[in-house]
Amino acid sequence: MGMFNNLTIDESITLPDLPLEINRKTLMFQTKDLDENLMLNFRVNSEKKLEILRQTGHHFENPNIPFFGMEFVVEKEWWEPYDFTGTVCIYESYRHPEDKGMQYGTPDAHRFICGWIEWDVKFINGELSDITLVKHDIPYKRTDEELKNYLEEIKQTRKEIDDKLRKNRLERSTPEQKLIDMIDEIVQRDHKIPEIEDYYTDLREIKEKIDEYRTKHDRWYGKAPEQD
């Protein structure tokens, strides 16, 4: 997905054809069309001026923060004008009025298709010039027949993917998979007259396959050096 920025537009500014289902008060757009895609916050204020939120502060170590283990504490923040000329694409999806959320594990999880609305927002020297509706797909509720056909399509698609992955697994097995396959084949041999020597032979062959694998693909196998 990559990095993006957040953009809010003052409620006094009209967004053409904005559906009632979308809460304007909490509406925040993500965009990659501004110059700095660094998870920054932008806004269009009531005077149609584009602004960027600037912050100063400091970092401190926090082991509860994933990945970096650092937290940023804001000491000061302010909005300042942002000089930008160009077009920013903003968009939002929204649910069908009857859609109460995904019903995981049930056919109704695919009953509804979310709506989608998209605008182009044009700026000239950091000032809002125009907002144009680009696309608006209304939410849709599938009929029982449509839902049945769609579930069949999903089933068929999954089968095609499974078949392709299974074929790829057989034709392009990793060394580890090949080793396990060979061991499994040896273990499943059906000795008509089970003699103890047959099992010893199988075990020796398994050991040879393991040794062969380690020689080719696991050169660092072995016990860790003992500490002095």
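Me: In which sense do strand β8 and strand β9 pair, and over how many bridges?

Reply: Strands here are DSSP runs of E with at least two residues, just as helices are runs of H or I with at least four, numbered from the N terminus, and two of them pair if DSSP finds at least two bridges between them. In this structure β8 (residues 115-124) and β9 (residues 127-137) run antiparallel to one another and are joined by nine bridges. This is a predicted model, in which local features need pLDDT of at least 70 and side-chain atom pairs count only at pLDDT 80 or more, whereas totals for chains, interfaces and linings use all residues. Residues are numbered from 1 along each chain as its sequence is written, and side-chain values use heavy atoms, with hydrogens and water left out.

Me: Which residues of β9 stand opposite Glu118 and Ile124?

Reply: Opposite Glu118 one finds Lys135 of β9, while Ile124 has Glu127 of β9 as its counterpart.

Me: What is the strand order of the open sheet?

Reply: The order is β6-β8-β9, three strands with antiparallel pairing. Strands β6 and β9 form the edges, each pairing on one side only, and from one strand to the next the twist averages 20° (axes are lines fitted to C-alpha atoms, for helices over the stretch in contact, and angles run from 0 to 180 degrees between N-to-C directions).

Me: Which residue takes a positive phi in the hairpin of β8 and β9?

Reply: Most residues other than glycine have a negative phi. In this hairpin, where two residues lie between the strands, Asn125 takes a positive phi near 50°. Asn125 counts as exposed because its relative accessibility is 58% (buried means under 20% relative accessible area, exposed over 50%, partly exposed in between, with a 1.4 Å probe and protein chains only). Asp17, too, has a positive phi, near 60°; Asp17 belongs to the loop between β1 (5-9) and β2 (29-31) and, at 52% relative accessibility, counts as exposed.

Me: Why does His96 count as buried?

Reply: His96 counts as buried because its relative accessibility is 15%, although this residue is found in a loop, the one between β6 (86-94) and β7 (112-113). The His96 side chain reaches the backbone nitrogen of Glu98 at 3.0 Å. Apart from neighbours within four places in sequence, His96 is in contact (heavy atoms within 4.5 Å) with Phe112, Pro139, Tyr140 and Lys141.

Key
Polar contact = N/O pair within 3.5 Å; in protein donor to acceptor, adjacent residues only side chain to side chain.
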